[in-house]
Amino acid sequence: MKFREFLGDRTGVVLLQLGAAWALFVFLTALGIQSREAALLLITWFGIFAAWTGFSFYREKKYFTELMGTVREMEKPWLVTEILKAPDTFEGKKYWEAMRISMKAMEEQVFEAEQKQRAYREYVENWVHQVKLPLTAAQLICENEKSRDNRRILKSLENIDREIEQVLYMSRMENPEQDYIIRRITMESCVTRAVAADQETFRQRGVKIETEGLETEACTDSKWLTFMLRQVLSNSLKYMEESPYIKVRAQRKENTVLLTVEDNGCGIRESEMGRIFNKGFTGSNGRKNRESTGMGLYICRELCKKLGMAVRAESVWGEYTRIVFEIPIAEQASVMSDHKV
């Protein structure tokens with residue numbers, strides 16, 4: 001708040017004071033009072049008015065500075081009326097009361113929406129678990145009788161399983177703190193599980209996988225990292241053609257482990273690199289592949305934020321694509337920050 005803005009809002013009061021002062025001066029001089037004495041009285045008048053105006057400006061500026069600072073720091077700004085006290089003025093109290101009533105109504109609406117969202121998320125999670133049971137049974141049957149047809153069915157089942165997992169992790173993404181355990185793990189354990197989940201697809205495509213430095217350790221949740229690796233490997237499988245090749249490498253850099261997944265696929269156009277982590281973005285490659293949803297890398301980025309990690313992409317069109325996960329080595333660096341009030 002600036003003093004000029006504060007004064008501009010009170011233009012009528014200032015003009016009234018000037019008009020009243022002039023009328024008083026004329027009245028006093030008409031009564032025979034000396035101009036010097038009348039001027040001294042007016043100076044005193046304006047001194048008191050200026051002091052009161054300055055005090056009012058200071059009080060309101062302090063109040064609104066505190067108000068805006070608190071609102072900016074709050075995760076749920078609509079609860080500001082529960083924290084800050086009401087203003088001292090009568091008009092301000094009335095506005096405050098109206099705002100408090102409206103915020104209370106908004107809080108109830110938000111709570112109701114959160115309840116519905118939570119119920120839907122629980123339904124999705126329960127549905128995923130129910131679907132996974134017959135899916136797992138079907139996979140076991142196909143693995144025990146590996147005929148040509150069963151191998152093709154097993155590949156399709158792996159794709160279904162991957163998509164179902166994506167739905168599950170998407171539903172849990174808002175509250176991963178309820179289902180994560182940060183501990184020191186080797187990169188090899190996560191990479192092995194991610195590759196094993198789609199082993200039939202890798203076998204049928206004849207993908208050559210090379211690993212390096214996977215004995216490196218870092219602190220994160222193994223289940224969530226395995227899921228993210230599976231999403232990246234799935235993308236590699238979609239966009240590789242002849243002599244498919246994937247290299248997974250882990251290397252330590254200061255207080256971070258860089259886990260890299262590189263393929264020799266078609267690459268990503270330079271004009272699209274800035275959008276590949278956006279929700280629903282499929283790009284020119286995705287338009288040629290009906291399996292693309294544009295959700296895999298988006299979920300990876302959001303989960304990395306929650307887990308104190310980072311993810312980035314490097315690519316040259318027509319040559320390779322490289323996805324790099326930056327995983328903290330220290331356990332405390334991986335813990336998600338506390339929520340604000």
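This is a predicted model: local features need pLDDT of at least 70, side-chain atom pairs count only at pLDDT 80 or more; totals for chains, interfaces and linings use all residues.
Start with the overall picture. The protein has 11 helices and seven strands, and its C-alpha trace spans about 120 × 40 × 40 Å along the principal axes. A compact globule of 341 residues would come in with a radius of gyration near 20 Å, whereas the protein has 33 Å. As for burial, 38% of the 341 residues count as buried. Contacts also reach across the sequence: taking those between residues at least 6 apart, 70% join residues at least 24 apart.

On to the interior. In soluble globular proteins, nonpolar side chains tend to be buried together. Here, the largest nonpolar core holds 56 residues, and the members that touch the most others are Met187, Leu225, Met228, Leu229, Leu259 and Phe325. Helix 8 (residues 222-238) supplies the largest share of this core, with eight residues. Another core lies apart from it; this one has six residues, including Leu67, Met74, Val80 and Leu84.

Setting aside neighbours within four places in sequence, Met187 is in contact with Leu214, Thr216, Ala218, Leu225, Ala250, Val257, Leu259 and Ile327. Met187 also belongs to helix 6 (residues 187-197), where Cys190, Val191, Ala194 and Val195 are buried along with it.

Which residues of helix 2 are buried? They are Gln17, Ala21 and Leu28. Viewed down the axis of helix 2, the buried residues fall within an arc of 40°, and therefore line one face of the helix. The buried residues of helix 2 pack against helix 3 (35-73). On the face turned away from that buried side, helix 2 carries the exposed residues Gly12, Leu15, Leu16, Trp22, Phe27 and Ala30. After helix 2 comes Gly32, with a positive phi near 95°.

A positive phi turns up at Glu254 as well, at about 55°, although Glu254 is not a glycine. Glu254 is found in the loop between strand 4 (245-253) and strand 5 (256-263). Is Glu254 buried or exposed? With a relative accessibility of 69%, Glu254 counts as exposed.

Last, the cysteines. A disulfide is a covalent bond between the sulfur atoms of two cysteines. How many disulfides does a search of the whole structure find? The search comes back with zero. For Cys300, the closest cysteine sulfur is in Cys304, and because the two sulfurs are 6.5 Å apart, they are too far for a bond. Cys300 is also buried, with a relative accessible area of 0%. Cys142 is buried too, its relative accessible area being 6%.

Definitions and conventions. Residues are numbered from 1 along each chain as its sequence is written. Side-chain values use heavy atoms; hydrogens and water are left out. A nonpolar core is a set of buried Ala, Val, Leu, Ile, Met, Phe, Trp, Tyr and Cys residues joined through side-chain atoms within 4.5 Å. Buried means under 20% relative accessible area, exposed over 50%, partly exposed in between (1.4 Å probe, protein chains only). Helices (H or I, at least four residues) and strands (E, at least two) are DSSP runs, numbered from the N terminus. Contact means heavy atoms within 4.5 Å. The arc is that of the directions from the helix axis to the C-beta atoms. A disulfide is a pair of cysteine sulfur atoms within 2.5 Å. The radius of gyration is taken over C-alpha atoms; the globule rule is 2.2 Å times the number of residues to the power 0.38.
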